[in-house]
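Please keep the sequence and the model in view while reading.

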Amino acid sequence: KALSIFILIFYILILQPVTFIFYKHGLRSWLAWTPLQTLCLLRIVGSGVQLDDHKTKTLTVVALVLNNIGLAPLLLAAIGILHEARGARDPNLRRKFEWFLVIHFHLLIVVAMVLVIIGLVKLTGNNPQESDTKLPKIGAVIILLGWAVLVGGTAFSFQSSQYDKQAPAYRSGTKLLHGVAIALPFVGIRELDAVLSNFITSHAFLTSLAAKVCLSVVPEMITVIIFVAAGLAARN
């Protein structure tokens, strides 16, 4: 329970600066900070359910789902911050093409999240089938693909053709871009945990508190802190 309490307190506290950043950056930044707010709320609710000593089976399933879909808003926040950074560093980028890429990235992650949710619900149902394990695995692989795309997009954004140093918000955008770049390795560790959890059947690994803390809880928290730090540094 101590870990659940720690997670609950952390995300209640970090939700405040995330909301403040959203307010300071304005509605145009909703792609970046709304997913991060969603992640905080998912973790708050999930931890609260975990602390319930009288969980029903339904609540147990809810907690399991909430704890397994956190990567989706984390990646969506990252692509949103990257999108905001690119727009700030070069206002003359092809807006329609940028939105086309962002929307398709969102669709990719949403599909992965739906597969994970359906798979988990079936696996915790009354008649789980061996084939039901495939859906979360496919979802995890798709999210891994999304992370790889995000890494490529971030690296590409550092190319000289992708920014204009004379842009009014160039410095703010660069701070956001650096934030995404610094956070990506930690997102990768979090993604590694998701993949291993779906493909490794070792009970020792799946129930290991140390593995959960080192591969899931801490990397995710560090990522959120980095995003918040970048958002505060780049606030208008």
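Helices here are DSSP runs of H or I with at least four residues, strands are runs of E with at least two, and both are numbered from the N terminus. The model is a predicted one.

**Annotated segments**

- An unreviewed UniProt entry places the feature "transmembrane region" at residues 6–23, 61–85, 97–118, 138–158, 170–189 and 209–234.
- Residues 209–234 are 96% helix and 0% strand, with 36 Å between the end C-alpha atoms.

**Helices α1 and α2**

- The axis of helix α1 (residues 2–25) comes within 9 Å of the axis of α2, and the two cross at roughly 160 degrees.
- An angle over 145 degrees counts as roughly antiparallel, and α1 and α2 are therefore roughly antiparallel to each other.
- Their crossing is left-handed.
- On the α1 side the contact is made by S4, I7, L8, Y11, I12, I14, L15, V18, T19, I21, F22 and H25.
- On the α2 side it is made by W30, W33, T34, L36, Q37, C40, L41, R43, I44, S47, G48 and Q50.
- Sorted by class, this contact has 15 nonpolar, 8 polar and 1 charged residues.

**Helices α4 and α7**

- Helix α4 (residues 71–89) and helix α7 (residues 170–199) have axes that come within 8 Å and cross at roughly 160 degrees.
- α4 and α7 are therefore roughly antiparallel to each other, and they cross in a left-handed way.
- α4 contributes L71, L74, L75, A78, I81, L82, E84, A85, A88 and R89 to the contact.
- α7 contributes Y170, G173, T174, L176, L177, V180, V187, R190, E191 and A194.
- The classes in this contact are 14 nonpolar, 2 polar and 4 charged residues.

**Helices α2 and α9**

- The axes of α2 and α9 come within 12 Å and cross at roughly 145 degrees.
- This crossing, too, is left-handed.
- W33, L36, L39 and R43 of α2 make the contact with E220, V224, F227 and G231 of α9.
- By class there are 5 nonpolar, 1 polar and 2 charged residues in the contact of α2 with α9.

**Salt bridges**

- Side chains of opposite charge can pair when their charged atoms come close.
- The model has 4 salt bridges by the distance rule used.
- One pairs E220 with R43, whose closest N and O atoms are 2.5 Å apart.
- This pair links distant parts of the chain, 177 residues apart: E220 belongs to helix α9 (residues 209–233) and R43 to helix α2 (residues 30–50).
- Both E220 and R43 are also listed in the contact between α2 and α9.

Technical notes. Residues numbered from 1 in each chain as written. Predicted model: local features only at pLDDT ≥ 70, side-chain atom pairs only at ≥ 80, totals over all residues. Heavy atoms only, no water. Axes fitted to C-alpha atoms, helices over the stretch in contact; angles between N-to-C directions. Parallel < 35°, antiparallel > 145°, perpendicular 65-115°, else oblique. Left-handed = near helix turned anticlockwise from the far one by under 90°. Contact = heavy atoms within 4.5 Å. Nonpolar A, V, L, I, M, F, W, Y, C, P; charged D, E, K, R; others polar. UniProt positions renumbered as here; feature names shortened; annotations may be inferred. Salt bridge = Lys/Arg side-chain N within 4 Å of Asp/Glu carboxyl O.
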